[in-house]
Amino acid sequence: MKILFCGGGALGSHALFLARDLEHELAVIDFDRVETKNLASQWFVKQMVGKNKATALKTQLLNFYEVKLQDYTVKLTTLNADAILGAADLVVECFDNAESRRVVQNYARAKQKPCVHGGLAANGEFGVVRWDEHFTIDEEGAPGQATCEGRGFLPLILRVSSSLVASLQFYLSDKRQVNWNVSQRNAESF
Amino acid sequence: MNVLINITWQGQSGNYLVNIDEGVDDNTIKNICEEAVRAGEVPGISMHIPKNAFANFVIDRFHGNQTRFVVRPKVPFGV
């Protein structure tokens with residue numbers, strides 16, 4: 001089975017780190033580059049600054065763990081969705097904007113592709129893991145709105161990432177679709 | 001019907017079981033939540049929340065053996 005991670009930022013990079021021992025083919029799509037500020041909240045080492053995030057994750061997984069990862073270094077659009085999403089059997093969506101999330105959701109629903117989403121609140125107080133049937137795409141706030149990019153958010157980011165990978169494990173085991181609410185104090189699955 | 005409402009507020013989280021119509025609109029649910037929290041009926045969440053605390057929140061509805069509404073802040077970022 002090929003599992004495609006859409007977005008290699010805070011959630012996507014840590015989810016890939018945690019999913020590295022899944023006995024399935026892994027792929028990631030992200031057109032963005034690693035910036036120094038990303039080191040505080042994303043799974044990148046400083047040597048990766050300036051590299052494409054998908055390629056950086058491929059390099060790290062290979063060098064640290066000898067795990068292979070296919071990297072798509074382009075932006076996902078409706079024009080390439082069929083080629084990229086269509087090649088995956090399971091989609092893990094962790095994008096940081098509503099437009100890209102819609103591309104994934106529309107494709108997954110049209111093609112009945114299993115898809116699980118991860119999302120974080122702007123101030124880092126809450127996160128969700130939702131299978132697509134139950135996922136509402138929330139629009140970003142005004143430009144300049146707080147994000148979880150700064151320091152101090154790693155515990156919540158890792159909780160959401162690990163819940164995301166736990167949901168993958170349940171699905172790969174017996175097709176169960178487990179959703180999560182994750183706050184700073186607890187994580188609840190249902 | 002009995003609906004389990006899960007409420008998240010500033011990192012705190014709590015459940016509130018209430019008998020309501022499952023088709024009730026979002027604003028009514030938010031008002032119910034605000035009153036319940038202020039009355040101290042939601043363990044895990046401080047009673048001291050501002051007026052219209054949940055105005056910009058989103059409500060997810062899950063229908064299964066136990067109908068569940070999740071009242072949560074928006075989650076636009078994977079970052």
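In chain B, strand β3 pairs with strand β4 (residues 68-72) in the antiparallel sense, over five bridges. The model is a predicted one. Chain B holds one helix and four strands, and its contact with chain A draws 19 residues from chain B and 33 from chain A.

**Sheet of chain B**

- B:F62 stands opposite B:R68, a residue of β4(B).
- The four strands of chain B form an open sheet with mixed pairing, in the order β2-β1-β4-β3.
- β2 (12-19) and β3 (58-62) of chain B each have a single partner strand and stand at the edges, so one side of each lacks a neighbour in the sheet.
- From one strand to the next, the twist averages 20°.

**Overall build of chain B**

- Read from the N terminus, the elements of chain B follow the pattern β-β-α-β-β.
- Chain B has a radius of gyration of 12 Å, close to the 12 Å given by the globule rule for 79 residues, so it is as compact as a globular protein of that length.
- The C-alpha trace of chain B spans about 35 × 30 × 20 Å along its principal axes.
- Of the 79 residues in chain B, 35% are buried.
- Taking contacts in chain B between residues at least 6 apart in sequence, 49% join residues at least 24 apart.

**Contact between the chains**

- Chain A contributes 33 residues to the contact and chain B contributes 19 residues.
- On the side of chain A that touches chain B, at least two residues come from each of α1 (10-18), β5 (115-120), β6 (126-131) and β7 (180-183) of chain A.
- The residues on that side of chain A comprise twelve nonpolar, 14 polar and seven charged.

Notes:
Residues numbered from 1 in each chain as written. Chains lettered and ligands numbered in written order. Predicted model: local features only at pLDDT ≥ 70, side-chain atom pairs only at ≥ 80, totals over all residues. Pairing = 2+ DSSP bridges. Axes fitted to C-alpha atoms, helices over the stretch in contact; angles between N-to-C directions. Contact = placed C-beta atoms within 7 Å. Nonpolar A, V, L, I, M, F, W, Y, C, P; charged D, E, K, R; others polar. Rg over C-alpha atoms; globule rule 2.2 N^0.38 Å. Buried ≥ 20, exposed ≤ 12 C-beta atoms within 10 Å, placed from the backbone.
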